[in-house]
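Please examine the sequence and the model shown here before reading on. The explanation is meant to be followed with both in view.

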Amino acid sequence: MVSTKDRPKPVGYRPGVGSRASRIVNFVGLCLLSVVFLIPFYLIVRNALSTTQDITAPGWMWFPTDIQWGNFTELFNDEKVPMARSLLNSTVVSVLTTVGTLFLCTTAGYGLARIPYRHADKVFYAILATLMVPSAITFLPSFVMVSSLGWVSDLRGLIIPTLFNGFVAFLCRQYFLSFPKELEEAARVDGLGYWGSFWRIVIPNSKGFLAAIAVITFVTSWNSFLWPLVIGRSSDSWTVQVALSTFLTAQTVNLPQLFMAAAVAILPLVFVFLFLQRFLVQGVAQTGLKG
Amino acid sequence: MAVTDKTAEPASAAAGTSRRPRRRRTFGGRNLAFWYFVGPFLLGLIIFTYIPVGWSAYLSFFDARNTVTPASEDFVGLDNFVTMLTDENFRRSLVTFSIFAAIIVPITFASSLGLALAVNKVRIMRAFFRSVFFLPFACSYVVASLVWKMSIFAGVRYGMANTVLDWFGIESIPWLFGNDPPWFWLVIATLRLWIQCGFYMILFIAALQQIPEHLYEAAYVDGARPGWQTFWHITLPHLRASSVAVLMLVLIAAYQAFDEFWNLLPNSGNVPYARTPLIYLFHTSLGTSQDLGRGSAGALILALLIAIVTLFQGKLLGFGKPEGR
């Protein structure tokens, strides 16, 4: 394929759209919008490190008069808010959900994409059919199931029902369909079966795709609210989102502590965004383009 | 022992546990391989999706309060469906959703496309801008609700929005408080817009980068001025597939709106002026009345509505057509 870069450009043609003035307007506009987009983050940090008096002062204060690092330790020492416990729950749930989803959905996706079997089509349609019903609508039926298994207020109830994600399995199937067959065939000649070539050839060569799926699953799991709210009936099984929500709707609110809790809750994901953004962007593009 | 080994051999050979160079794959062995790849997933899907949905459909024909195993004399036929469909509150929740969708779908679409075009056009700091607009996606709806309710749109003097209004000499607005506050849609819509528009921007940027540069060069040679003309005749037609995907994703997400309504509005979102379908179902089935029968009927009605709307929208916008990608 001839790269379009090699062809001569038409005289006077400049890539990018518009005149110099329009580019400057565009740039300035983007800068202003960036500031607007960052305001909520700024507010979280400002309020988390302020005293209540600073936040509710009659005149707007851009920075706290005296930075209150103590709000952090206070949050974790407050026995009314099970912050440490809910952070631990969220971590366990998100990590196990990510690992479990990845394992189950990649194996299923690979089987559907690569192993010829008479009824594979039927199985595939059975999975596709579940995509028609948005997961949020099934919260009630799933709750019925989980409560009869006795998993209410239990981490098992938070994790296991969310692992069988038809959409991720679908994405994996599409991905493995485009995986170069030659690599696997070489493995077959060397005597590896489906299981062996999957783990030794396919998985090690799909790290980018797996990372993208993993990051998306982790972020979704960490931020999910409805299902943890349905299942987490006792404060022992609250995730960080449920704890925050309870904190937010309480009768009396300690503003700095509330915002400190919010800051702690988004910190892990801010790290994910800073260091793994490449995979995240890739994951979003993959997820969305499949519609 | 030897007999068992012989019969197990084809399966294990296909499965790759055997190191013999020549594979002898029988149909049975390949089937087995398929099932240990797909079986666990399918089993989970049956247990956690198919059976629950079936069970819930069963419950919808019963007067099932506080129970998931109603007695046979509690069979009420289609009563739950009739009650839900004639229920003023349920129908009003569908209206609430429609208003919400009518606000959020167009503004999300326009903003994410606008951001994508602007970020794609800028020559410096592109990665920075992309990251900044995408960063809100790291925020959960709970965290964002917290900031919106307690800081930006706090209905008191020290709220940020009211502070800004005060600079212009405008009276404070009680954003979320009081009986049917007039401005709550602004609060709810900006929150969702802030969280999701960077996400859809990424989709549009990915699609924009697929458009071959030489089309723009050709247009230039043909005398088309860069800007509106090329956007209308080259860019937009190439974004067709992505646009359809974005519209559908935004609409389906709006249908399931729950988190921000629960956290922003008083009484856990259980207020007559802005009760979304999901909030209503939650309070019906898991609130004080614990009416799982009616809740299940409502869930089925909603699922059906979503399926119809999705199919209809898909047909209307020609989803799945390969052209324009």
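The paragraphs below proceed from chain B as a whole to its parts, and then to a pair of helices in chain A.

This is a predicted model, in which local features need pLDDT of at least 70 and side-chain atom pairs count only at pLDDT 80 or more, while totals for chains, interfaces and linings use all residues. Residues are numbered from 1 along each chain as its sequence is written, and chains are lettered from A and ligands numbered from 1 in the order in which they are written.

Chain B contains 14 helices and zero strands; here helices (H or I, at least four residues) and strands (E, at least two) are DSSP runs, numbered from the N terminus. Of the 325 residues in chain B, 40% are buried. A residue is buried if 20 or more other C-beta atoms lie within 10 Å of its own, exposed if 12 or fewer, and partly exposed in between, with C-beta atoms placed from the backbone. Two residues are in contact if their C-beta atoms, placed from the backbone, lie within 7 Å. Among the contacts in chain B between residues at least 6 apart in sequence, 59% join residues at least 24 apart.

How is chain B divided into domains? The assignment gives domain 1 (22-78) and domain 2 (81-317), where the bounds come from an automatic or database domain assignment. The C-alpha centres of domain 1 and domain 2 of chain B are 33 Å apart. Contact between these domains of chain B involves 11 residues of domain 1 and 11 residues of domain 2. On the side of domain 1 of chain B that touches domain 2, there are six nonpolar, three polar and two charged residues. In this classification, Ala, Val, Leu, Ile, Met, Phe, Trp, Tyr, Cys and Pro count as nonpolar, Asp, Glu, Lys and Arg as charged, and the others, Gly among them, as polar.

Chain B also meets chain A: 91 residues of chain B are in contact with 88 residues of chain A. Helix 2 (residues 27-59) of chain B gives the most to the side of chain B that touches chain A, namely 19 residues. That side of chain B has 63 nonpolar, 19 polar and nine charged residues.

Helix 5 of chain B has the buried residues B:F129, B:R130, B:V132, B:F133 and B:F134. These buried residues pack against helix 1 (20-48) of chain A, together with helix 4 and helix 8 (184-208) of chain B.

Two loop residues of chain B deserve attention. Most residues other than glycine have a negative phi. B:M125, however, has a positive phi near 60°, and this residue is found in the loop between helix 4 (88-121) and helix 5 (126-134) of chain B. B:M125 counts as partly exposed because it has 15 C-beta neighbours inside 10 Å. Phi of B:N267 is likewise positive, near 60°; B:N267 lies in the loop between helix 12 (259-264) and helix 13 (277-286) of chain B. Is B:N267 buried or exposed? B:N267 is exposed, because 10 other C-beta atoms lie within 10 Å.

In chain A, helix 11 (residues 207-223) meets helix 14 (residues 255-275) through A:V215, A:F218, A:V219 and A:W222 on helix 11 and A:P268, A:L269 and A:V272 on helix 14. By class, this contact has seven nonpolar, no polar and no charged residues.
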